[in-house]
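Colleague: I have a few questions about this structure. Can you walk me through it?
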Amino acid sequence: MTTDTQAPETQAPARAGRPSIGSLLRSVLEDRVALLIILLVVMLAWFFALSSGGYLVAPYDLSYLASALESMVPLAILGLAQLLVIVSGRGGIDLSVGAMVSLVGMLFGFAYGMWEWPFLPALLLALAAGVVLGAVNGLLVAYLRVPALIATLATYYAYSSLALISNDNAPISTRPLQDLNSITRAVDLGGVAIPRQVFTFLLPVAVLIWLLVNRAPYGRRLYAVGTNEVAARYASLDVAWVRFGAYTLSGLLSAVVAVVTAAQFASARPDAGTVGNGMALPAITIAVLGGVAIAGGVGRVGGVLIAALLIVWLNAGILLYFEGAQGSQYQLFALGAVLLVSALFNALVLRRRGGT
Amino acid sequence: MSAIATTARPRRVTARAIEGQELVLLGVLAVLWLVLSFSVDTFFTASTLQNLMVAVAPVAIVGVGMTAIIVTGGIDVSVGSAVAVAMVIVGKLVRDSGLELLPAIAVAVAVGAVLGLLNGVLVAYGRVHPIIVTFATLNLYRWLAFQIFGGEEVNNIPGTLAALGGGGEGRSLGIPNAFLLAVVLAALMWAYMRYSPTGRHLYAIGNDAHAARLQGVRVTRRLVSVYLITGVLVGLAAVVLIGGGGRIGQSVGTGLELQVIAAVVIGGTSILGGRGTVLGTVLGALLVGTVSAAVTLLGWPSELTALFIGVFILVAVGVDLLRQRRRQAL
Amino acid sequence: MATSPPVATGSGNAQGGEAVTEPETLLRLTGIRKRYGGVQALRGVDFDVRSGEVHALVGENGAGKSTLIKIISGAETADQGTVEMDGQRLGGGNTSAALDAGIATVYQEPQLFGELSVAENIFIGRELTKGVLVDRATQRAKVDELLDRLGLDRTLADVRVADIPVGEQQLVSIAKAFSHDPKILILDEPSAILTDREIDTLFEVVKGLREHGVGIIYISHRLDELSVIADRVTVLRDGEKVAAHPMREVTIRKIVELMVGHVPGGPPAGHTLAADAEPALEVSGLGRRGRFQDVSFAVRPSEVVAVYGLIGSGTGPLARALYGIDPADTGTIKLNGEPVSLPTPQAAARTGIALLPGNRKAQGVFAIKSIAFNISVAHLHLLRKLRIWVDRRREQEVATDFIKRIAIKAPGPQTPVNALSGGNQQKVVLARQLVERPGVLVLEEPTQGVDVGAKEEIHKQILALADQGTAVLVVSSDLLEVLELADRVLVVRAGSIVAEFGRGASQADVLAAAAGDDSGEAHVLDAARAAVAQEVETR
């Protein structure tokens, strides 16, 4: 094109002074966190209504919700891991988180459950292993420029098979691990039993990630790289290093989930993160529902956390509504439907905002 | 007007039947088979090879469609769930309503087509990234399969579909029909993507969908069609998997998509779109199948298969990236 | 002043006399007015193209050329005025209608599909079929015929586009446009990415098209080429047509004068130059294979040096080498006397070099992020509290300060940058470079696509920065800007510095130097360039 095609653009039209229902609605729709909170409240109200109407197998009350938080912890943390890699851009995604959970879980099981290491060293070993596994992904995606989908697919294969081989496909359920279950026992808060790991694992991780993303220089760089990789380069950011960091952090977070899961189930299982469809899929669903844009550069910690709550409590409600195995099956339906609707919605919002 | 010589660079004739990557793959496969036939007595026997071909067939069949999808820059991870839906429907009909072979195939294809069409419409019109769409339908279709299973696996399926199964009736001249079917389908897709205008458009879409649209390529139509075709192929794969009869477990098809994608990527198709052939996919599927068979025959833990597949994927992608970079330096 | 001798045109038809019959007018634009992006891009322009003529369209950046072309090709609609093709009115806003009417466009970047062959690219979207399959034989025959007519090598037809060099791809683009049997062919800066030999081929092709009666609109900054290939030239300036002449009736210098208008009023308030200061930036023997070679120059603190060259002359790569984006292969760079190595942008930033990128949309802005984010992103290490915290209050202060200082028209520092006009976006990217006053600031096309007000503001900032001691290097293809800002102008042609001018140089001199040839290769353009050089000497 001739060089004068960069025509000076006009400013965006100023909004009308008086706030109307329409503009209020629009701003809610565009603020993902607000929207999710509303959906959450609506859903809870719906299930509470069903419960009091006697339609559910068991009461959908605060205690039930609190106990459901047990499955929220690993999913929320993995959702945050997906937030980091997807925000980093260039088709970022991490399909290997479940496999990393399995593999690190087994390693932790060996260290803590078989070689009788004290808890802290075993934990540190697990975290270090997570860093290494995530770094492999980071090396492939950030430095070797392998598309993330393929790189993490390959490591998914590799890590999950290593996890299975490590103990001949058998879980480690020795005494120390069974005792470890105590760190996931419930804490009584005003009559409601909340799983301990919400406070010992989820909250600290969520706070740290929030600080990293919103307050630390790294977070800025991450979003810059995901928004416009070329401009980030011109702004003297080390694009490869920033991306590498995102995948490494994803490995670290997977390691945290590995330890929590081992404690929760009182054993280190070789398919902890890969059983069924694996943990990667719900984690990605939570991220997308939470407003993380597949193109990169957009996503909020708050959105991911509320999305996790939404999914987990929705699943919990479904279990009570349907009998027997039907419940877990309908959870699949819910997961798929929620992902689809939220993705379609994301696409709509992005188009209206003027993105491609 | 006299022709003006432009450059003295050596010419490369486009669209050769076999590109570089496939030759390498063929070589690797040959070497692998050679090594195996020496280390394991039972490898180069008729039954092992036949089993291999039967196992590879469904992956190759779906892989034919997946190649086209990936060439356009998309992906479909719902094929495993879709195959389960098709299998449970056809299995039950064959068992309970005595459906014959040809109608069974028709039903399977129809079911697969509907599931594929949904994917295609969502990707093409919803403007949602294919990974997200098919992640969602992976779940939805699995739920659907469970509903149709009704809580129990499907047993006692008669051998109506044995012509495409793994047993004696399913062979022609010693080669499993299922594998022959895969080869025929691959040949058809190869011809389509090489000689048909709309087939060539797939590559254009993978290169630059926006520019393609501007130049008269019916992008939406093509996108819907590749997912639809893959759905049809899923139906055929379902028939092959039911094969000699027996039982269909509720978790059937889980993980199929990963095997298929592995076969396509190892076969040289670029995940970034715009490049790839079905020949590579078939070879990739054979490679994946061979690795799996080898691991079993050598008495290694079966989990190692996944490890090797992961390594092969990385090697294939690495080689592909190297070739890209070298070409850009021209 | 004596009249200069007419420049040889080399055009096949004109034999110094009038043509026997008046060629028909194919395309006629009357009274075109267009407001584009808040600016009146075209103010009542008339333009026509005849059959069998090469009509050059020239003008500075922002003069309205590309807007006019977009209206002709159907990509845009005129606010007022008519476009008539073969006597039929064209509605505008519809590229297929324009194509059907016989108007084909070839853009500067070839828009081809790398994985498909040349023949497939030419016929994409309208393949010839035999039943359901591509009729390869017939297509091949047509492509052969096409390539023959354009004088290109037949064996190209089956080659994959990704395997042929970019210059040939451009020729393929032209072949593709020609395959639509156009009556009007628009060539937008066709020679920008071509080597000299490829330009020769291009000219042969264009001449062949002309003989076929095609009307060609040829847009180019390379005025020396126009004297070889063009029959008529229309000059646009600030959205108006200031002149239209047969090529043989004008000289290069006349065209330049028409393009730039009057010399801008008065040199800016002179800024002080520390006379014997050590150069802040010293470059010697710098080269990057295929882009530029043996470049040496120095910039002193407070000095503004401009690097001027036409598109493709190597100025962009030179700027990028100074910032570590595409590092040089050979030569040395010294900063304040110390040799430095610049393999990455981080290295450059560390040594105190800043770069304003040439393409703000692709290389400069983080569109959905706020002004504050965009400014602070390169300086996070400065805004740290306790090393791990971004000091957001300080960040907002810095952004607000800049908004005031360089008059960025925005509600506040939190405004997303994509809500701003082009000029204001450019100011934001400029602000990013000014957070820490850099020792050396390299600016690539600093006011491209920027409205006049913002342009002045940005120039003011650049000069103020120089006054504060920064060594400024402006890499620009905007001749007026270069002459306005620079203490010294270095002219680059084909990757080497061919001339240097001080303040007060004439536009014609600089332009002539940029278009002049010093390679010595026997060349179609030599005659024209020699004439231009002679013209300069007889000044």
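**Notes on chains A, B and C**

Modeller: One residue to start with: Asp451(C) lies in the loop between strand 21 (440–444) and helix 15 (452–467) of chain C. Keep in mind that this is a predicted model.

Colleague: Does Asp451(C) count as buried or exposed, and why?

Modeller: Asp451(C) counts as buried, because 21 C-beta neighbours lie inside 10 Å; the cut-off for buried is 20 or more.

Colleague: And how far apart are Asp451(C) and Glu397(C)?

Modeller: In sequence they are 54 residues apart, and in space 27 Å, C-alpha to C-alpha.

Colleague: Zooming out, how many helices and strands does chain C have?

Modeller: Chain C has 18 helices and 24 strands. Of its 539 residues, 52% count as buried. Taking contacts in chain C between residues at least 6 apart in sequence, 68% join residues at least 24 apart.

Colleague: What about helix 1 of chain C, where are its buried residues?

Modeller: Helix 1 (residues 65–73) of chain C has 9 of its 9 residues buried, so it is largely enclosed by the rest of the structure. The buried residues include Lys65(C) and Lys70(C), along with Leu68(C), Ile69(C), Ile71(C) and Ile72(C).

Colleague: Which residue comes just after helix 1 of chain C?

Modeller: Gly74(C), and it takes a positive phi of about 90°.

Colleague: Domains next. What is the domain assignment of chain C?

Modeller: The assignment gives domain 1 (30–102 + 182–262), domain 2 (110–180) and domain 3 (281–534). The centres of domain 1 and domain 2 of chain C, taken over C-alpha atoms, are separated by 26 Å.

Colleague: How many residues of domain 1 of chain C are in contact with domain 2 of chain C?

Modeller: 14 residues of domain 1 of chain C are in contact with 11 residues of domain 2 of chain C. On the domain 1 side, helix 6 (residues 196–211) of chain C gives the largest share, 7 residues. By class, that side of domain 1 of chain C has 9 nonpolar, 3 polar and 2 charged residues.

Colleague: Switching to chain A. At what angle do helix 4 and helix 5 of chain A cross?

Modeller: Helix 4 (residues 97–114) and helix 5 (residues 119–143) of chain A cross at roughly 150°, and their axes come within 9 Å. That makes helix 4 of chain A roughly antiparallel to helix 5 of chain A. The crossing is right-handed.

Colleague: Which residues make the contact?

Modeller: From helix 4 of chain A they include Met100(A), Leu103(A), Leu107(A) and Phe108(A), and from helix 5 of chain A they include Phe119(A), Leu125(A), Gly130(A) and Leu133(A). The contact divides into 13 nonpolar, 1 polar and no charged residues.

Colleague: And helix 3 with helix 8 of chain A, parallel or antiparallel?

Modeller: Helix 3 (residues 62–87) and helix 8 (residues 197–214) of chain A pack at about 20°, with their axes 10 Å apart. That makes helix 3 of chain A roughly parallel to helix 8 of chain A. This crossing is left-handed. Among the contact residues are Leu69(A) and Val73(A) of helix 3, and Gln197(A) and Phe201(A) of helix 8.

Colleague: Last one, chain B. How far apart are the axes of helix 6 and helix 10 of chain B?

Modeller: The axes of helix 6 (residues 177–195) and helix 10 (residues 278–297) of chain B are 9 Å apart, at an angle of about 155°. The two helices are therefore roughly antiparallel to each other. Ala182(B), Ala186(B), Met189(B) and Trp190(B) of helix 6 meet Val278(B), Leu279(B) and Val282(B) of helix 10. By class, the contact has 7 nonpolar, no polar and no charged residues.

Definitions and conventions. Residues numbered from 1 in each chain as written. Chains lettered and ligands numbered in written order. Predicted model: local features only at pLDDT ≥ 70, side-chain atom pairs only at ≥ 80, totals over all residues. Helix = DSSP H or I, 4+ residues; strand = E, 2+ residues; numbered from the N terminus. Buried ≥ 20, exposed ≤ 12 C-beta atoms within 10 Å, placed from the backbone. Contact = placed C-beta atoms within 7 Å. Axes fitted to C-alpha atoms, helices over the stretch in contact; angles between N-to-C directions. Parallel < 35°, antiparallel > 145°, perpendicular 65-115°, else oblique. Left-handed = near helix turned anticlockwise from the far one by under 90°. Nonpolar A, V, L, I, M, F, W, Y, C, P; charged D, E, K, R; others polar. Domains from an automatic or database assignment.
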